[in-house]
Amino acid sequence: VQLQASGGGLVQAGGSLRLACAASRSFFSVNRMGWYRQAPGKQRELVAIITSGGSTMYEDSVKGRFTISTDNAMNTANLQMNSLKAEDTAVYYCNIRGRVSWTTSVDDYWGQGTQVTVSS
């Protein structure tokens, strides 16, 4: 399974970007989808997740600015990012936790990452 992330780029502080992540195939079941980010010299951190039940969770610094959404089949995950700040600069990775078939166990699948750069 491959996850293709897109939508990154360079934006001025206060601007917006929308990230999209699409899976190359459908999953048998999805526990949750999420976005993580990794800034230079820092560990990868959770930004936002959405569960199969529709619950969402956000990292404190992005609450009220970022919104995660998915389609009904949970094959795509979007991250709307508004009021961007310089500290949001990072490589953003999409993640799906689920099972690709009824014979496989739950596992984490990652996209290749998309760069988001916010200029101050």
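1. Strand β1 (residues 3–6) runs antiparallel to β3, and 4 bridges join the two. Strands here are DSSP runs of E of at least two residues, and helices are runs of H or I of at least four, numbered from the N terminus; two strands count as paired if DSSP finds at least two bridges between them. Within this pairing, L3 has A23 as its bridge partner in β3, and S6 has A20. The model is a predicted one, in which local features need pLDDT of at least 70 and side-chain atom pairs count only at pLDDT 80 or more, while totals for chains, interfaces and linings use all residues. Residues are numbered from 1 along each chain as its sequence is written, and side-chain values use heavy atoms, with hydrogens and water left out.

2. β3 also pairs with strand β8 (residues 76–81), in the antiparallel sense and over 6 bridges. A20 has N78 as its bridge partner in β8.

3. These pairings belong to an open sheet of 4 strands in the order β1-β3-β8-β7, with antiparallel pairing. β1 and β7 (66–70) are the edge strands, each pairing on one side only. On average, neighbouring strands of this sheet are turned by 15° against each other, direction ignored (axes are lines fitted to C-alpha atoms, for helices over the stretch in contact, and angles run from 0 to 180 degrees between N-to-C directions).

4. In a regular strand the side chains alternate between the two faces of the sheet. Buried means under 20% relative accessible area, exposed over 50%, and partly exposed in between (1.4 Å probe, protein chains only).

5. The largest nonpolar core has 32 residues, and those with the most contacts inside it are W35, V47, F66, L79, M81 and Y92. Such a core is a set of buried Ala, Val, Leu, Ile, Met, Phe, Trp, Tyr and Cys residues joined through side-chain atoms within 4.5 Å. Among the elements that give two or more residues to this core are β1, β3, β7 and β8.

6. F66 lies in strand β7 and is buried, with a relative accessible area of 3%. Residues that F66 touches include V47, L79, M81 and Y92, where contact means heavy atoms within 4.5 Å. Y92 in turn touches L19, W35 and V116, among others.

Key: Lists of a residue's contacts leave out its neighbours within four places in sequence.
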